[in-house]
Amino acid sequence: MATILRTPAAWPSLLLGARAGTAARKAKDDPAAALDAAVAAGAFEGLKRCVHELGPTGTIATIAAAGLRGRGGAGFPTGEKWRLAARTEAPLRYVVANGYGADPSVATDHVLMESNPYAVIEGVAIAAFSIGATEAFIAVRAEATEIIRGLEGAIGAAEDAGFIGPSILGSGRSVTITVRPVQGAYMLGEETVLLKALEGKRGQPEQRPPHPAEVGLFERPTVVQNVQTLALVPWILVNGPEAFAAVGSKDSPGTILVQVRGPGGDGVAEVPLGTPLREIVALAGDTDGLKAVLVGGPSGGLLPAELLDTPYEFGALRDAGAHVGSGSIVAADKRACIVDLARLLTRFCADEACGKTIPCRIGTRRISEIGDRIATGVPRPTDLQLLADLSADIVGSALCDHERLATLPYTTGMRYFRSELDEHILRSSCPAGVCRPIAVAAGAAS
């Protein structure tokens, strides 16, 4: 399991340190003992309140009042998604918990499922009960065999105890949860692509609307949520929506898991949304001397050190040109070349694109090629304007967020680090001394 970074004592912990986390880790090889420890720590109290007190309508209203937003990157209001699925007429409904972890460099979801599996299972059961679904799936990377084994054992123990299965908590309502190993690529982070993979079809996005909450898995209403989102649901039902809304920021309440890479280390941390980037990066080392911070994963935005006081929340990051994305935060010092970094990120996004649409198949590849020209010393005079125009065209016509967000490394590079791009294009010089065979600026090697 990835290293869990130490956070300030004042920061609340609703996911990694809440309720059953430590107890479950101590008994991870014995699901029944792990369940006993989890229940003793308060697990399934939220499910009991959902089933016996609030009911489906009251539960959805409570989640909406808490302001919980999806932790999968887009930040869509969870209560609104559940309400849409519940009111859509259909003989069957589904819940899909996305624990795939599309970004190969980020282990946040895996850390959660390994350290606190019963929070995920309880959240899935609450979501299914609330929207009237009788079947739910937890999607996990096929190669994550230890996590799959742990989840399956935990689900079996929860079924034996009557928390899930034919009649959850004696309600007469059935909820079956199945772990589904899936194989694919970065595109599985997009919810309609994940649903295609679960159906055994080619992983390509679908036009929206209709949204999966209306027409999803097997053409039925489906709530697709990141495992972090679902793991927060029991805490909200036990402690109340007001207590949850008091954590984090007004726009983005609650906590979230991030993977931080800095000069002093690499690990997963649970942080309140709205925390300044400076404080998050400091968990992995000193922030002095930083040049840029990549926020959001391979399709994230490159923000300058001057913006380290930007709150880590959905709206503020979007305004700055970044996004929550996969939960990745990578700090780069003066040795990094923005042009080279943007080139590598864009190439990854182009390679991972599914190719369903022209912006995906051709647009992302053209951006990657322009980056290659600039980094290797053979740019064209119009390349920066071409980058800007092409990026705008992709954003305006893309089918899914992968295409739109793939433009961010270069658009934020042009927005905040224009002088460095000009050095490469106008003077064939790489100030960081990284790009070859481009000329190295005097004194860069030192």
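**Figure 1. Leu-230 in helix H9 of the predicted model.** Helix H9 spans residues 227-239 and holds Leu-230. With a relative accessible area of 0%, Leu-230 is under the 20% cut-off and therefore counts as buried. Apart from neighbours within four places in sequence, Leu-230 is in contact with Trp-82, Ala-97, Ala-119, Gly-123, Val-124, Ala-127 and Gln-225. Ala-128 is 102 residues from Leu-230 along the chain, and the C-alpha atoms of the two are separated by 11 Å.

**Figure 2. Val-124 and the largest nonpolar core.** This core has 66 residues. Those that touch the most other members are Trp-82, Val-95, Tyr-118, Val-124, Ile-138, Val-140 and Ile-177. Helix H6 (residues 117-131) gives the most to the core, with eleven residues. When residues up to four places away in sequence are not counted, Val-124 touches Val-95, Ala-97, Ala-136, Ile-138, Ile-177 and Leu-230.

**Figure 3. Two cis peptide bonds at Pro-209 and Pro-210.** Most peptide bonds are trans. The bond from Arg-208 to Pro-209 is cis, with omega near 0 degrees, and the bond from Pro-209 to Pro-210 is also cis, with omega near 0 degrees. Pro-209 is in the loop between helix H8 (191-198) and strand S4 (222-226), and Pro-210 lies in the loop between H8 and S4 as well.

**Figure 4. Positive phi at Phe-44 and Leu-169.** Most residues other than glycine have a negative phi. Phi of Phe-44 is near 70 degrees. Phe-44 sits in the loop between helix H2 (31-40) and helix H3 (45-66), and its relative accessibility of 0% is under 20%, so Phe-44 counts as buried. Phi of Leu-169 is near 55 degrees; this residue lies in the loop between helix H7 (145-160) and strand S3 (176-182).

**Figure 5. The whole chain, as context for the close-ups.** The chain contains 18 helices and eleven strands. Its radius of gyration is 22 Å, close to the 22 Å that the globule rule gives for 446 residues, so the chain is as compact as a globular protein of that length. The C-alpha atoms fill a box of roughly 75 × 45 × 40 Å along the principal axes. Buried residues make up 57% of the 446 residues. Among contacts with a separation of 6 or more, 70% are between residues 24 or more positions apart.

How values were computed. Residues are numbered from 1 along each chain as its sequence is written. This is a predicted model: local features need pLDDT of at least 70, side-chain atom pairs count only at pLDDT 80 or more; totals for chains, interfaces and linings use all residues. Side-chain values use heavy atoms; hydrogens and water are left out. A nonpolar core is a set of buried Ala, Val, Leu, Ile, Met, Phe, Trp, Tyr and Cys residues joined through side-chain atoms within 4.5 Å. Buried means under 20% relative accessible area, exposed over 50%, partly exposed in between (1.4 Å probe, protein chains only). Helices (H or I, at least four residues) and strands (E, at least two) are DSSP runs, numbered from the N terminus. Contact means heavy atoms within 4.5 Å. The radius of gyration is taken over C-alpha atoms; the globule rule is 2.2 Å times the number of residues to the power 0.38.
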